[in-house]
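Good morning, everyone, and thank you for making time for this. Please take a moment with the sequence and the model, and then I will go through it slowly.

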Amino acid sequence: MENLDLISILGSTIRLSIPLIFTALAGLFTERAGVFDIGLEGKMLFSAFAAAVAAFMTGSPWLGLLAGITVSVLISLVHGFASITNRGNQIVSGVAINFLASGLTAVLGQAWFSQGGRTPPLAASARFTEIVFPYADQLRDTGFLGRFYANVISGHNILTYLAFIAVPASWWVLYRTRFGLRLRAVGENPGAVDTAGISVTFLRYRATVCAGILCGFAGTYLAIAQSAGFVKDMSAGKGYIALAALIFAKWRPVPVMLACLLFGFLDAFANFMQGKSVPGIGEVPVQIFQALPYVLTCVLLAGFIGVARPPKAGGVPYVKER
Amino acid sequence: MSPTPTAAPAIELIGIDKKFGAVHANKNINLTVAKGSIHGIIGENGAGKSTLMSILYGFYHADAGSIRINGETTVIDDSQAAITAGIGMVHQHFMLVENFSVLENVILGVEGGALLGGGVSEARSALKRLEADYGLEVDPDAIIEELPVGLQQRVEILKALYRGAEILILDEPTGVLTPAEADHLFKILGVLRDQGKTIVLITHKLREIMAITDTVSVMRRGEMVATRRTTETTVEELAELMVGRRVLLHVEKGPAAPSDIVLSVRNLTVKDGRGVTMVDNVSFDVRAGEVVGIAGVAGNGQSELLEAITGIRKPTSGEILFHGKPVTGFDSARLRALGLGHIPEDRHHMGLVLGFEESENSVLGYHRDARYGRGPLLDLDACREDAKTKIEKYDIRPPNCRLKTANFSGGNQQKIVVAREIERDPALLVVGQPTRGVDIGAIEFIHRRLIAMRDAGKAVLLVSVELDEIRSLSDRILVMFAGHVVGEKTPDTGEQTLGLMMAGIAA
């Protein structure tokens with residue numbers, strides 16, 4: 001394997017992990033509150049589209065972010081209305097959102113911009129661009145640490161750093177606040193919450209809104225930070241990978257981040273190996289490497305992480321017992 | 001106790017009325033409970049006790065009527081309002097978050113601020129105080145699911161007290177406890193009363209009413225039919241008030257005439273889904289013409305034992321013989337064909353499909369039988385005729401075999417299962433919790449049927465957590481604790497002795 005460039009793989013690991021981290025944290029909030037959220041994928045896609053459109057129209061990435069979050073929260077509320085208020089099947093509601101997102105974003109994109117479902121390419125000023133840390137350029141050639149600083153720590157956009165702040169912040173909210181205590185309780189035994197005089201419905205709605213906000217960040221990152229516009233189906237299954245990471249991490253914030261970084265690393269590695277040959281084997285079809293994250297997910301979920309116990313009330317609409 | 005007559009009563013319910021669709025759960029209920037007393041509410045399943053208390057706790061809204069707490073009219077429209085009014089409730093199914101610590105469960109809903117830090121340490125010292133005042137010891141950092149049920153219940157009581165409850169409602173609190181744990185609970189309730197708390201105890205067990213209450217009210221079919229001072233009433237009077245006629249509290253039966261061994265269990269070991277050994281090297285026989293009862297607190301391996309015998313779960317080791325022939329590992333269909341009847345512990349999960357018509361449930365499991373159809377087709381007329389016969393014979397109400405099973409009451413649902421299994425005339429009848437959640441009338445009926453099976457020379461294996469039931473039906477009693485059979489006793493053995501064995505203290 002000529003020239004295994006660890007630094008550049010790590011740099012792209014970070015870039016590929018960010019949407020996973022935001023999305024998996026989103027799932028963490030709803031699922032810990034007892035609402036399954038298959039629709040993460042769809043919310044990400046909707047918010048990517050909204051962010052791209054708003055950034056193109058206004059030229060401001062911040063308004064793009066705002067639009068991405070707003071749309072994602074609205075979709076979350078739809079999911080909440082179906083599955084919390086009307087006690088519908090949470091999986092069906094989530095799948096419906098995914099289908100709707102895939103179709104509606106492409107159709108609207110085509111109707112508004114006539115570019116085959118894409119949004120027009122964004123200027124740099126309408127995107128979240130890389131932030132270069134002090135002395136990054138000077139340190140770029142000063143050994144491993146310097147290159148690590150310049151390429152892995154520095155040189156990402158603001159959303160990347162927010163993702164890494166969101167991890168401890170989510171932990172703090174879940175484990176150190178009243179809201180977090182109640183949220184974790186409602187995912188385990190909503191009856192305990194109800195008899196304590198707290199509204200199960202309102203609590204679950206707030207959890208889905210948290211998820212909407214985080215998915216908004218994920219979609220915005222895809223459309224106007226990582227790329228320069230919306231492309232049809234650009235979420236490419238990341239919502240599902242995020243769900244796998246969530247289960248893999250047993251619904252805990254810091255392990256969620258680590259799982260997402262692992263999946264991101266595998267993705268980055270697959271990209272890196274494209275067209276390169278493995279010593280002793282020769283050129284390996286790139287599809288093998290692209291399949292790796294999925295294979296690993298199956299293997300890990302099948303037996304290597306022990307029993308992943310989901311929140312006990314997950315997926316079950318709350319009905320007062322008669 | 002002896003509340004001063006001038007003090008306002010702790011609770012006054014005036015004209016409470018509640019309907020659920022066609023079911024009139026509470027009919028114009030009036031109830032007064034004196035401050036500092038223990039008041040029992042007794043009645044059959046479905047008499048409306050739990051509904052009434054749920055209205056008091058703000059879980060349901062009454063259609064009419066009003067509530068006074070300490071003499072003041074109080075509107076209780078949600079649980080928060082009830083808590084504010086000083087009412088705490090210990091539910092039949094604990095309202096605890098199982099993977100939370102005791103402390104986290106106690107502060108849930110009264111965290112004392114948006115951040116947890118301060119409230120937690122405050123709660124910790126408050127728990128210490130409650131522990132000292134009422135003898136309610138429990139480790140605040142223990143995780144709920146690792147605590148025995150008796151302690152989990154204690155956490156429920158602590159939750160209520162931490163919220164400043166002056167009135168404590170307990171809904172069927174002893175259903176999951178051993179007799180010793182129940183006695184301990186009664187002691188705690190006595191201490192709480194002596195410190196001025198008012199306690200309402202909902203139960204269908206007469207023993208508890210006599211043991212602990214000061215006054216008792218009887219509910220029947222949504223009506224409050226009587227209120228008595230406990231010292232001025234008897235078990236017989238209360239039972240009669242509950243059912244509306246005289247009931248036999250003990251099953252009349254002649255001596256058993258055991259003959260050949262029908263079921264033989266040899267060194268049976270069974271693991272549950274988690275891989276935990278639940279039945280450990282158990283051996284026993286059941287003969288034709290006898291009822292063998294297995295007593296024990298729920299969760300000591302009885303369910304897994306039943307599942308292994310009836311072919312639902314494969315044992316890890318050991319042997320099961322039926323009429324002397326090995327049947328270990330046979331599935332339930334094969335066992336049924338050989339003559340095994342099974343009344344499962346949980347009629348909702350195993351015994352019935354609630355969405356089916358009565359006639360469908362009435363043949364379920366035997367639907368391949370030639371008399372219910374040919375080849376892949378069911379003969380619906382034959383099924384319905386058969387169902388009608390059973391309905392008549394077992395007095396299943398309403399007598400409508402086309403009605404959805406979910407619309408029958410608990411007792412009648414159980415009778416559907418009992419009729420189905422007994423009418424097959426099995427050589428061995430395996431029965432789990434035959435009268436759980438069933439009213440007294442149906443209990444009596446089912447008990448008589450089981451004894452009739454025995455007298456007809458069938459072998460009956462009975463598992464129940466109700467000690468009274470085990471003692472009145474069995475000819476021999478095996479006690480299970482932690483997966484072992486810890487002893488065999490005769491049915492005239494005292495409740496206390498059996499209770500100690502069930503708690504693993506004596507053998």
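The C-alpha centres of domain 1 of chain B and domain 2 of chain B lie 33 Å apart. Domain 1 covers 11–243 and domain 2 covers 261–502, and these bounds come from an automatic or database domain assignment.

Before I go on, a word on the model and its numbering. This is a predicted model, in which local features need pLDDT of at least 70 and side-chain atom pairs count only at pLDDT 80 or more, while totals for chains, interfaces and linings use all residues. Residues are numbered from 1 along each chain as its sequence is written, and chains are lettered from A and ligands numbered from 1 in the order in which they are written.

How many residues of domain 1 of chain B are in contact with domain 2 of chain B? There are 9 in domain 1, and they meet 14 residues of domain 2, where contact means that the C-beta atoms of two residues, placed from the backbone, lie within 7 Å. On the domain 1 side, α6 (179–194) and α8 (235–243) of chain B each supply at least two residues; helices here are DSSP runs of H or I with at least four residues, strands are runs of E with at least two, and both are numbered from the N terminus. By class, that side of domain 1 has 5 nonpolar, 3 polar and 1 charged residues, with Ala, Val, Leu, Ile, Met, Phe, Trp, Tyr, Cys and Pro counted as nonpolar, Asp, Glu, Lys and Arg as charged, and the others, Gly among them, as polar.

Now to the meeting of the two chains, which takes 17 residues from chain A and 22 residues from chain B. On chain A, α8 (178–188) and α9 (190–195) each supply at least two residues of the side that touches chain B, and α8(A) gives the most, with 5 residues. The residues of that side of chain A divide into 5 nonpolar, 5 polar and 7 charged.

Why is helix α1 (residues 49–56) of chain B described as largely enclosed by the rest of the structure? The reason is that 8 of its 8 residues are buried, including K49(B) and L56(B). After α1(B) comes G58(B), whose phi is positive, near 80°.

Finally, chain B has an open sheet of 4 strands in the order β12-β11-β14-β15, with antiparallel pairing, and two strands pair if DSSP finds at least two bridges between them. β12 (277–287) and β15 (325–326) of chain B stand at the edges with a single partner strand each, so one side of each is left without a neighbour in the sheet. Strand β11 (residues 261–271) of chain B is joined to β12(B) by 7 bridges, and L268(B) has V282(B) as its bridge partner in β12(B).

Technical notes. A residue is buried if 20 or more other C-beta atoms lie within 10 Å of its own, exposed if 12 or fewer, and partly exposed in between; C-beta atoms are placed from the backbone.
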